[in-house]
Amino acid sequence: MSVLRALWLRPVLGWIVGGMVFCGAWSGGRYGGVKWLGAGWLGGRAWAERPSSRPVGDVVRLVPSHPVKARPVGEVIRPVQRPVGEVIRPVQRPVGQHPSLRGGAVAGSEKEDFLTRYAKTFRFRMGKPSHFSFTEDGKQLLFLRSGPRSFVRSLYALDLTTGRERVLLTAETLLAGVRENLSAEEKARRERLRLAARGLVSYRMAPDGGSLLLPLSGKLYLYDRASGRVRVLDSKAGYPIDARFSPDGKQIAVVRGGDLYVVEIATGKERRLTKRTEGITHATAEFVAQEEMGRMRGYWWSPDSRQILYQQTDERGVEWIYLPNAAQPQSKPHKQRYPRPGKANAIVRLGLLDLASGKTRWIEWDRKSFPYLNTVRWSKGAPLTLLVQDRLQRHAQLLAVDTTTGALRMLLEERDAAWLNIDQSVPHWLPNGRSFLWSSERGGGWQLELRDAKGAFVRVLTPRAMGYRRLLAVDAVRGTAYLSASPEPTEGHLYRVALQGEQWRMQRLTYKAGVHSGHFGHGKSALLYVLTAATMEASTSYTVRRLDPPLGSPTLKLAERAKSSPSMPKPAYRSMPPLSMPKPAYRPILVQGSPSSKTPMPPTSADKKSSTQTTTPPRDAFARGEVIAQIADRSEDPKVIPNVRLLKVGEQALRAAVIFPKGFQAHLRYPTLLYVYAGPGYRMVNAVRGHFLFAQWLADRGFLVVSVDGRGTPGRTRAWERAIQGDFIAKPLEDQITGLREVAKLIPQIDLHRVGVYGWSFGGYFSVMATLRRPDVFHAGVAGAPVTDWMDYDTHYTERFLGLPQQDPQAYARSNALLDASKLNRPLLLIHGTADDNVFFLHSLKLSHAFLLAQKDHEFLPLSNMTHMVRRARPLRALNDRLIRFFQHHLGPPRPR
């Protein structure tokens with residue numbers, strides 16, 4: 001009997017033991033380590049990533065045990081791994097496989113959920129090409145790109161004849177195994193640029209196209225395109241900032257340690273041009289210029305390379321802000337000069353330095369009346385031109401400078417009773433300085449104008465209804481300007497406009513609903529451009545196109561030009577009658593007639609009357625441009641197609657987006673999340689698929705997600721944007737609630753009794769104010785990096801909308817979240833990075849303290865040593881997981897209607 005029992009138990013025990021080993025190995029391979037079953041369940045999803053102090057995509061290299069030998073200036077670096085110029089052969093992959101996978105899936109990507117992949121790919125932005133430059137002969141396109149899960153970018157060249165791309169330079173090759181190092185100034189500069197990349201993040205092409213200048217890890221590298229050799233332009237003067245070639249290509253100017261230097265390329269000799277003192281720096285833009293004006297430069301070469309105009313910045317009167325690292329109390333606090341509303345700004349003046357003599361002549365404008373330097377232009381054949389602005393930003397002057405005498409003459413003035421926006425793409429001088437392009441909102445909306453050399457108005461080049469946004473390029477030889485515009489705020493399109501002849505003669509270059517951008521060539525390659533197209537039907541594409549013939553060519557019929565009127569684009573939204581039962585959809589629900597639309601709906605009478613919803617004009621092959629090559633996008637496939645409806649709702653035609661969960665069921669009523677920004681300068685509702693990836697993840701957790709663009713957001717009229725003057729919250733809050741209720745009339749599955757609100761930065765501020773002021777509408781809120789007291793934000797942004805606190809203290813009181821802290825009656829979660837140097841951690845800390853004094857319960861999630869952008873994968877994933885659990889807990893699951 002015992003023998004029989006042993007024979008029977010033996011295989012059973014074998015199966016049990018084998019099963020335990022298999023389960024342990026499976027869990028270890030999947031979750032990064034062998035775990036017992038109980039530990040796996042109790043740990044939730046915390047095991048999805050191993051803890052790491054390295055940023056996402058950080059390349060781990062073997063560091064030599066002996067000190068790295070410093071290279072002499074000018075030493076030629078030989079490529080360590082891949083030879084420079086090696087052609088990348090296309091990898092054979094199964095049909096339909098995403099090109100970013102390069103012949104195989106990213107390790108573990110098939111087993112990871114969306115949120116993990118979203119975090120590890122930095123919101124699926126890694127791997128996308130950027131920084132496009134055509135060579136002078138038009139034969140190559142240079143660009144930067146990283147891997148799908150790496151912040152480290154490399155430099156590539158695309159042969160426009162064969163369509164093949166090759167690696168020119170990598171950070172690993174240049175650094176030869178040494179870890180990349182960034183100075184505090186460079187980190188701050190990249191924060192202003194919202195730049196998370198590392199490695200080769202920028203490059204400059206010499207005027208003749210023969211060489212490239214690349215900054216990396218505190219050094220400058222000069223790459224010769226013909227030979228493939230690299231020189232190190234080393235210096236002991238400090239970390240290089242904003243290095244640029246002189247127009248003649250013989251010198252390089254660079255900022256080091258707050259001073260301006262010039263390097264002679266032939267010899268490598270470096271010369272210091274300025275000498276900083278305590279609190280005074282040279283040749284770099286001040287904080288508000290970088291953060292708010294869009295001006296990153298602090299010096300400008302003269303067209304003849306004999307002079308340099310540079311900015312001197314006196315910050316001695318600007319108060320210090322100290323940012324301690326609470327997680328590392330042994331480290332010194334980071335300190336920075338930060339101008340708060342009503343307090344001292346940096347004092348800016350301009351010096352014109354003659355390189356031969358080394359002497360500086362100071363340019364004197366009325367800096368007391370116009371303290372802000374917005375824009376500087378200095379082009380061949382045209383005068384040095386400055387745009388200066390008063391502190392309230394309601395009055396600006398465009399000035400021409402005589403560089404011989406220093407005398408000034410005013411070209412034009414702009415005034416606005418509320419505030420003046422800045423268009424950094426103008427002024428743009430045409431050859432020989434006979435005229436220039438200018439843009440203005442003087443007529444109630446943005447328009448592009450032609451002005452003569454004295455600044456006198458000549459004519460308007462774009463109708464107001466066209467929705468001009470910015471100038472992209474000018475082909476002066478062919479008399480054509482290329483610009484971004486759209487009468488529909490959810491879209492962006494390319495146009496080209498004739499500079500001479502009949503008024504408003506133009507062609508539209510893009511037709512498909514979406515947001516399109518163009519990067520144009522210069523010189524002989526002026527007719528080449530990179531079209532970046534982001535639509536609701538596909539992920540972003542990058543194509544090189546040739547525009548030929550020029551605008552007004554006899555091959556284009558007048559009838560075709562008439563049909564290409566800018567008043568004819570078909571928008572991506574449409575008004576809808578109430579829906580009783582939207583069908584479940586796994587693809588975007590787009591406009592009627594879209595190839596991917598699964599639920600086309602007949603247009604309403606309001607649609608038929610709309611002046612912007614006429615038939616799409618014929619696609620003129622010449623206007624769109626011949627396709628030359630395709631630029632590979634190495635970003636990881638999100639494997640998500642957002643289920644989105646774009647709507648136009650209410651009497652104000654508010655643009656709204658509704659994101660439906662996967663497996664949407666019409667018989668249920670869903671808790672709703674208002675995913676919001678609602679502030680100046682940014683729109684949440686865009687006809688771009690990739691824009692809604694995270695919102696789709698939110699929706700798939702059991703919600704309907706709604707976004708609305710109300711008054712104060714750009715892309716409509718001047719009055720629409722200026723409606724928030726003197727009060728950041730009243731009208732945006734009113735419009736968001738109106739939009740939410742109007743959408744609910746169309747989609748009855750929205751449960752208005754269970755609404756959450758979530759946003760970041762200004763959206764975080766809105767989430768706080770919405771939760772405090774309208775608990776009847778919003779039942780839970782999550783606020784990421786919110787401004788809570790506008791007295792603690794910067795001057796240029798805050799005073800533009802609220803004025804000076806000494807003159808209008810009530811504007812600051814109306815917009816202050818701290819004063820409403822006692823009204824908190826709904827669950828609220830605050831999320832904030834402790835190292836945020838844009839919206840200081842102080843904001844959430846002060847609000848939390850105000851809640852304490854008011855005896856109001858709330859939740860607070862500090863992000864240790866994180867800035868305004870959360871780059872690291874593990875914290876990014878964790879905080880998003882936290883916010884969705886917060887909403888699920890307080891709003892509950894979908895319920896029967």
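**Note on the predicted structure: strands, helices and salt bridges**

1. In helix 12, the residues P732, L733, D735, Q736, I737, G739, L740, V743, A744 and L746 are buried, where buried means under 20% relative accessible area, exposed means over 50%, and partly exposed lies in between (1.4 Å probe, protein chains only). The helices (H or I, at least four residues) and strands (E, at least two) named in this note are DSSP runs, numbered from the N terminus. Helix 12 covers residues 730-746, which makes 17 residues, and spans 25 Å from its first C-alpha to its last, close to the expected 24 Å at 1.5 Å a residue. The expected span is 1.5 Å times one less than the number of residues in the helix. The cover over the buried residues of helix 12 includes strand 38 (644-649), strand 39 (654-659), strand 40 (668-675), strand 41 (704-709), strand 42 (750-760) and helix 13 (762-773).

2. Residues are numbered from 1 along each chain as its sequence is written, and side-chain values use heavy atoms, with hydrogens and water left out.

3. Strand 4 (residues 152-159) has seven buried residues out of eight, so the strand is largely enclosed by the rest of the structure. Strand 4 pairs with strand 3, strand 5 and strand 6; two strands pair if DSSP finds at least two bridges between them. With strand 3 (residues 140-146), strand 4 runs antiparallel and is joined by seven bridges. Q140 has D159 of strand 4 as its bridge partner. Five residues lie between strand 3 and strand 4, which form a hairpin.

4. On the pairing of strand 4 with strand 5 (residues 165-169), the sense is antiparallel and there are four bridges. Y156 stands opposite V167 of strand 5. Strand 4 and strand 5 also form a hairpin with five residues between them, and G163 in the turn has a positive phi of about 80 degrees. The pairing of strand 4 with strand 6 (residues 198-199) is parallel, over two bridges, and here V152 stands opposite R198.

5. Four strands form an open sheet in the order 34-35-36-37, with antiparallel pairing. Strand 34 (514-520) and strand 37 (626-630) are the edge strands, each pairing on one side only. From one strand to the next, the twist averages 30 degrees; axes are lines fitted to C-alpha atoms, for helices over the stretch in contact, and angles run from 0 to 180 degrees between N-to-C directions. Strand 35 (residues 528-535) and strand 36 (residues 541-546) run antiparallel and are joined by six bridges; V530 has V544 in strand 36 as its bridge partner.

6. The whole structure holds 43 salt bridges, a salt bridge being a side-chain nitrogen of Lys or Arg within 4 Å of a carboxyl oxygen of Asp or Glu. One of them joins the side chains of K512 and E537 (3.9 Å, N to O). This pair links distant parts of the chain, 25 residues apart: K512 lies in the loop between strand 33 (506-508) and strand 34, and E537 in the loop between strand 35 and strand 36. K512 is partly exposed at 37% relative accessibility, and E537 is partly exposed at 23%.

7. R546 and E626 form a salt bridge whose closest N and O atoms are 3.4 Å apart. R546 lies in strand 36 and E626 in strand 37, so this pair ties together parts that are 80 residues apart in sequence. R546 is partly exposed at 33% relative accessibility, as is E626 at 47%.

8. R885 and D881 form a salt bridge through their side chains (3.1 Å, N to O). Both residues lie in helix 17 (residues 873-891), four residues apart, about one turn of the helix. A network of salt bridges links E319, R340, K343, D789, D792 and K846.

9. R244 belongs to strand 11 (residues 240-245) and is buried, with a relative accessible area of 7%. Its side chain reaches the backbone oxygen of Y299 at 2.7 Å. Leaving aside residues up to four places away in sequence, R244 touches R204, L213, Q251, I252, A253, R297, Y299, W300 and W301, where contact means heavy atoms within 4.5 Å.

Note on methods:
Predicted model: local features only at pLDDT ≥ 70, side-chain atom pairs only at ≥ 80, totals over all residues. Polar contact = N/O pair within 3.5 Å; in protein donor to acceptor, adjacent residues only side chain to side chain.
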